[in-house]
Amino acid sequence: MTDIKTELKDLRLGEKIRKLRQERRFTLQELSDLSGLSKPLLSQIENDQVMPPLATLLRIAKGLKVGIHYFFEEEGDRQKYVLIRGEQVVATPRRPNSDVTGGYLYRTLAPGIRQKHMEPFLVEFELTAWDDSHFYRHEGEEFLYIVEGELEFHFGKEVMRLLPGDSVYYDSSEPHGYVSVGETRAKAVAVLYTKG
């Protein structure tokens, strides 16, 4: 069983972004202009030096005119349904202080389905103090269901404590962010919907 970090690397996000950018005949500067992300950051993402958080990936997808699902599917994906067994989504323990992208790690829960309207993930949140750099905003809507640990959810000026079994559905164009609180990293099922 692989951990979430390994699965993220296996997605080859940087390679997919570079390939699509080149197919579109965009320079890094043009993609920077279209996505609102800096050219150095895009270069680091393409070279797998930085694993983009979902909000960043959504901005890249919009700049490249694809849905976020593009980055989580493979050429042969043609399934009508996908079944993920519970034991397949449990992350193995990782070294303490391993790097976490944008305050969380994520793993897709629906590989194999092409051109989805929703993108479900298992998300593991960093155990850290809150600061405003954890805020994200992007087009669409999100649903979060806490399965483990305790999560501090920031939505604009509001702060909510979420426990296992709690859920929140929100407009993701508003500033939002999250950090684990307590003794362990919180885990949640997150579903992103963007008009593609």
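Arg25 sits in the loop that connects helix 2 (13–23) with helix 3 (28–35), where helices are DSSP runs of H or I with at least four residues, strands are runs of E with at least two, and both are numbered from the N terminus. The model is a predicted one, in which local features need pLDDT of at least 70 and side-chain atom pairs count only at pLDDT 80 or more, while totals for chains, interfaces and linings use all residues. Residues are numbered from 1 along each chain as its sequence is written, and side-chain values use heavy atoms, with hydrogens and water left out.

Most residues other than glycine have a negative phi. Arg25, which is not a glycine, has a positive phi near 60°, and Asp48, also not a glycine, has a positive phi of about 55°. Asp48 belongs to the loop between helix 4 (39–46) and helix 5 (54–63). The table gives the relative accessibility of these residues together with that of Leu54; buried means under 20% relative accessible area, exposed over 50%, and partly exposed in between, with a 1.4 Å probe and protein chains only.

| Residue | Relative accessible area | Class |
|---|---|---|
| Arg25 | 73% | exposed |
| Asp48 | 42% | partly exposed |
| Leu54 | 6% | buried |

**The chain as a whole**

The protein chain contains five helices and eight strands, arranged along the sequence as α-α-α-α-α-β-β-β-β-β-β-β-β. Of its 196 residues, 45% are buried. The accessible surface, from the Shrake-Rupley method with a 1.4 Å probe and, for residues, with only the protein chains shown counted as cover, comes to about 10600 Å², and 51% of that surface belongs to carbon and sulfur atoms. Among contacts (heavy atoms within 4.5 Å) with a separation of 6 or more, 68% are between residues 24 or more positions apart.

Strand 6 (residues 167–171) has Val168 and Tyr170 on its covered face, and Ser167, Tyr169 and Asp171 on the uncovered one.

Val191 is part of strand 8 (residues 187–193). Setting aside neighbours within four places in sequence, Val191 is in contact with Met118, Glu119, Pro120, Glu141, Glu142 and Phe143. The C-alpha atoms of Val191 and Leu109 are 9.4 Å apart, although 82 residues separate them in sequence.

Leu54 lies in helix 5. Not counting residues up to four places away in sequence, Leu54 touches Ile68, Phe72, Tyr104, Tyr106, Phe121 and Leu192. Its C-alpha atom is 9.5 Å from that of Leu105, which is 51 residues away along the chain.

A search of the whole structure finds one cavity of 30 Å³ or more, a cavity being a set of points, on a 1 Å grid over the protein atoms alone, where a 1.4 Å probe fits but cannot get out, with lining residues having an atom within 4 Å of a point. The largest cavity holds about 80 Å³ of space, the volume being that filled by probe spheres set on the points. Its lining has 13 residues, and those closest to the centre are Leu54, Tyr104, Glu142, Tyr178 and Leu192. Helix 5, strand 2 (118–125), strand 3, strand 7 (176–181) and strand 8 each give two or more residues to this lining.

Methods. 1 Å grid on protein atoms, 1.4 Å probe; cavity = no way out; pocket = protein on both sides within 12 Å on 5 of 7 lines; lining within 4 Å.
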